[in-house]
Amino acid sequence: MTRRDRVNGVRRLRGAGRVLAAVAWLALGGCTHQGGHVSSREGEPPAIDRVDWGRSVFRFETFRNEWFWSDTLGLAEGLARREVTPNALLAAGLQLDSDKLPSDFRRSDVGIGPYTDPRATRRLIEANAVIGLVARQDRIGVTCVLCHSRADDRFGDGVGRRVDGLPNTRLRVGTLIAWGERSRSYVPFLNLFGLGRGPQVDPAVSAFDGAEALEGAVDAALLSWPPGQADATPDGVGNPTDIPAIWNLTDVGPYDWDGMFAHVGDAHNYFFGVVLDPTTLATPGGRSFLSGVPPPMGDWLGGAYGAVLQAIDPAMERPRVAADRVGGLPFLRSSPRLGFRVNGEDLDALSAYLARVLPPRRDSIDEERVAAGRRVFRQAGCNDCHLESRETTGMIVPIRDLLPGYDPQRIDLVTVPGGSLLDDPRTGYDDRVMAMNAAWRGGEVGYKVPQLVGIGLTAPYLHDGSVSTLEALLSPDRGAFSPHPFYIRHPDERADIEAFLAAWDGRTYP
Ligand code: HEC
Ligand code: HEC
């Protein structure tokens, strides 16, 4: 193993490992053990070692972000001081991998015995049983699967085998972050300008009232994030969005709800380099990334965040994540510049894995219903935007075409003199794209057409989770002035479309 391998704790398959993996693959009939389907495109043999490696990156790779989550944000300390029990983890929506549970947990029913012991939390994390939290010596780091995987519940709610790609719609990400002793180090993602959702936070409050005042305000804002949502954009607008499904991640770009990233590798790099370690933002490279927030707000944000980090630890090495500095000419890039890149081979392996992950198979399919649903889907013009295929049009639909009567106004900000944003104060539907969006790379401002593979499993719907069921999404009861007003009048026809979409598991359908 190289030094980097040891640091990251990711074991890569080389030589003999490759042979073993190929044998295991054959024995499993071409399926990976967590329900992800390995398909071979254009007759190429599946690169099984890279897929395994990518799975391991997705589940366990931190690129050293434990330095952010533990030393800076204080998550390990917070879990210990607050005596967070395994039951409390489950209540916050964290998921437990039943294959990795220590033996006392295996012997116990869910919710009793070791589940009530705060000292057992650490043991669970060290056993890699808490999906998305990993122990590295005394520290705890966070991985992609915290949000992008769930347990299949075979032993109880939140306890079972991993289902990669299924969004964790139960997770209270904000609660987890607020458990940190210094959750104020996550401040760039909150409502700093007073225009988004959730309580407004003024990062300067600590200068007058001390760090405790800022910590309290940040925790209150984090606790207001709804389950299944996180704010993944450091734009000073409080705009948590639904965690999307990560299935069939090939030919379905652009990425993020607003299509901010053209290339999937850039999106992955962003999640490692900003969402899982925002200290990058308070570096010169990160400042160039924040230039995507309209001036002067990006500068203000970078400065205010730098001051918060400085007060936490003046000697802090930034960024905390292990990433290379990247330069290059801005006009040659198709995505926002982050100034840092984590290991490229790991990103490629991750993409290879995520291109192959599909939702669990559907067993009973009523073919007649599905055929009727397909007819309604076509008649209603759904496929003007959503393709009956595993690809997407790659189209970003402007908000005015998704929300009838949308009328944005320029709003001056009190917080940042000279700053202003476009917003229609009558709706929160545009919060996600108020400051950061695909315009950055020359794209439209709006929402991209999402792929519908596995859509029956990922309620609630739309980027802000504002519609709770497929039936509600398609019912004219939502009214003519609601987002995505593409309705099916007859209830039977709505049920047909639902049956059709429920069959989309990326294999037989679409
Ligand atoms: C804290 C929860 C959380 C974690 C952890 C997380 N993500 Fe996400 N992810 C999200 C949210 C929320 C979005 C939607 C962001 C938006 O568009 O507003 C998203 C979107 C994405 C997308 C775009 C999907 C699409 O179809 O457009 C990709 C790709 C992605 N994440 C990959 C990753 C990777 C790789 C990691 C690990 C490095 C990761 N995510 C970690 C919450 C998370
Ligand atoms: C004009 C293009 C367009 C048409 C027509 C259209 N959609 Fe959509 N659809 C979108 C966009 C864009 C989104 C994402 C909106 C958002 O996230 O706020 C979306 C979202 C959805 C979602 C939710 C996806 C998710 O992950 O939350 C479903 C389900 C859906 N559409 C089904 C349909 C059906 C069924 C029809 C036909 C009745 C239809 N759409 C017609 C563009 C369209």
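In the predicted model described here, helix α9, strand β8 (241–242) and helix α13 (264–275) each supply at least two residues of the shell around ligand 1, where helices are DSSP runs of H or I with at least four residues, strands are runs of E with at least two, and both are numbered from the N terminus. Within this shell α13 gives the most, with three residues. Residues are numbered from 1 along each chain as its sequence is written, while chains are lettered from A and ligands numbered from 1 in the order in which they are written. Because the model is predicted, local features need pLDDT of at least 70 and side-chain atom pairs count only at pLDDT 80 or more, whereas totals for chains, interfaces and linings use all residues; side-chain values use heavy atoms, with hydrogens and water left out.

Of the 21 residues around ligand 1, those that come nearest are C144, C147, H148, D256 and R432, a residue being counted as near a molecule or strand if one of its heavy atoms lies within 4 Å of it. The iron atom of ligand 1 has a single donor from the protein, namely NE2 of H148 at 2.1 Å; donors are N, O and S atoms within 2.8 Å of the metal (3.2 Å for Na, K and Ca), and, as water is not among the atoms, sites may look incomplete. H148 itself lies in helix α9, which spans residues 145–148. Oxygen atoms of ligand 1 also take part in polar contacts, defined as pairs of N or O atoms within 3.5 Å; within protein, one atom must be able to donate a hydrogen and the other to accept it, and residues adjacent in sequence count only if both atoms are side-chain atoms. A polar side-chain atom of R432 lies 2.6 Å from an oxygen atom of the ligand, a polar backbone atom of D256 is 2.7 Å from an oxygen atom of ligand 1, and a polar side-chain atom of T241 is placed 2.9 Å from an oxygen atom of ligand 1. By class, the shell around ligand 1 divides into 13 nonpolar, four polar and four charged residues, with Ala, Val, Leu, Ile, Met, Phe, Trp, Tyr, Cys and Pro counted as nonpolar, Asp, Glu, Lys and Arg as charged, and the others, Gly among them, as polar.

Ligand 2 is surrounded by 22 residues, of which C382, C385, H386, Y429 and H484 are the closest. Strand β14 (446–448) and helix α19 (470–474) each supply at least two residues of this shell, and the largest share, three residues, comes from α19. A nitrogen atom of ligand 2 lies 2.8 Å from a polar side-chain atom of H386. An oxygen atom of ligand 2 is 2.6 Å from an N or O atom in the side chain of Y429, and a polar backbone atom of H463 is 2.8 Å from an oxygen atom of the ligand. The shell around ligand 2 comprises 17 nonpolar, four polar and one charged residues.

The peptide bond from G253 to P254 is cis, with omega near 0°, and P254 lies in the loop between β8 and α13. A cis peptide bond likewise joins Y509 and P510, with omega about -5°, and P510 is found in the segment after α20. Q137, although it is not a glycine, has a positive phi of about 50° and is located in the loop between β2 (133–136) and β3 (139–142).
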